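Thanks for coming, everyone. Please bring up the model and we will walk through it.

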Amino acid sequence: MWIDNFVQQHLNLPAWGKRDLAISLLLLNLLLLSPTAHAQTPANTSLSSLTDAAEARLQTDLVQRPETWVSSWLAAAPTVSIAALKSQADQGTDELELALSLPLTSPSGHQLNQQWQSIAQHYQQQLLKLRRWYASGQVRNLVWTIAQHQQQQQLLQQQLQTYQGLMAPLQQQAETTEADTYFRYGLQQAQTQLAMLQLEHQQHQQAAEQQLMELTGTRQIPTNLADANPTKLDAAAWQQHPQLALLQLHEQQLYLQQQQNLSGNTPWQVTTRFKRIDTAGISENQIGLQLDIPLSLGAQLSQTEQSNYQISQQQWLQDYQQSRQQIIQQYQQAQAQLSLLEAQYQMLQPHQQLRQQAQSALLLLLQRQEINPDIAQQRLQQLFAEQRQVQLLKQQIQQAYAQLQQAAGVPL
């Protein structure tokens, strides 16, 4: 709002005095050239440390549950049975029986449990890798967003400094130049556009810094944003993606669950019994042991269990194919974006020196008043835009490579 008022206040005047012009340039200089907040970065900040902080913050958001006790030999909870029989005859027999039943894991079930433990360990490892990869994606996205806005502001500041350097010699000729008001209008319009762009980038940068603060506990970004140990990617790099690895373990869990329902893995039942018999004043105690071993004829499943397994398998296959296709598309898009940016940079970079020479020649003609200010303004803006594009492309290539690593499932 203050920019509009500032422009209207000065552009409505028929002529500008040197004092008003100096005040205007001073205000714009304070706005655009003032250091932004959090400009300095601690030396110990790195992408790895930011990812560690983000991963720890994600861990605290998880619900902490106590670990459950798992028996290696009990297939289920033991059961206690109590039976009391009272005879209805005068000299009948009364019985009291206590039984403790222990469902023991069968030998095949014990082997199955070992496979479950192995899968559980791999599953936990893949969950940690997936969380690390997810935290890496959040950090990569935020730090590159902040870096992009910082570079945009730096390039705008350089552009404004060029304008201000051009104003110094022209100010001396302001009272005798016929095109003074016209040139001042064009210059003021360019400076106002730069100020608005600067404010826009500052707002986006502050929003990204706030998100980084919530994720990692700091607003600082490292000086070096390149991955510490980038992985050499090939056409099949996406096959090691943490999401696919986790889904593959889920398929093994479904298979083990199906194997657990086989009749051959039914628990063995061991029962210890204590029995007391009272008959006509004579008491007798009996102690016994009972072992129940189920007999299985091959791999037997009920029709319901077989149908449920087939449905689960089909659902898993659908989820896996969908996730795989999404990962391939994201990887290919990131690879195409990187190739496009590299091709653009190769085309524009060789002409960078010619642009600088053209800019110097244009500024010289403008100072000598040998070119129309409007034409000079348009050409100068075009040269600035091309120079910014080349400098931004260098950063965008590094950002695209980081996005390619993320799409391939490579964490920081």
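**A patch, a bridge and a helix pair**

Val80, Ile82, Leu96, Leu98, Leu100, Phe274 and Ile287 make a nonpolar surface patch of about 680 Å². Patch residues have over 30% relative accessible area and no salt bridge, with nonpolar side chains joined within 5 Å. Areas come from the Shrake-Rupley method with a 1.4 Å probe. Strands E1 (79-85) and E2 (93-104) each give two or more residues. E2 gives the largest share, 3 residues. Ile287 sits in strand E4 (residues 282-292). Strands (at least two residues) and helices (at least four) are DSSP runs.

A word on the source. This is a predicted model, where local features need pLDDT of at least 70 and side-chain atom pairs pLDDT 80 or more, while totals for chains, interfaces and linings use all residues. Residues are numbered from 1 along each chain, and side-chain values use heavy atoms, without hydrogens and water.

Next, salt bridges: a side-chain nitrogen of Lys or Arg within 4 Å of a carboxyl oxygen of Asp or Glu. The whole structure has 8. One joins Arg132 and Asp52, at 2.4 Å, N to O. Arg132 is in helix H4 (residues 107-172) and Asp52 in helix H3 (residues 47-60), so the pair ties together parts 80 residues apart in sequence.

Last, helices H6 (residues 242-260) and H7 (residues 303-348). Their axes come within 10 Å and cross at roughly 175 degrees. Axes are lines fitted to C-alpha atoms over the stretch in contact, with angles from 0 to 180 degrees between N-to-C directions. H6 and H7 are therefore roughly antiparallel, the term for angles over 145 degrees.

Key
Parallel < 35°, antiparallel > 145°, perpendicular 65-115°, else oblique. Patch = residues over 30% accessible without salt bridge, like charges linked within 9 Å, V, L, I, M, F, W, Y side chains within 5 Å.
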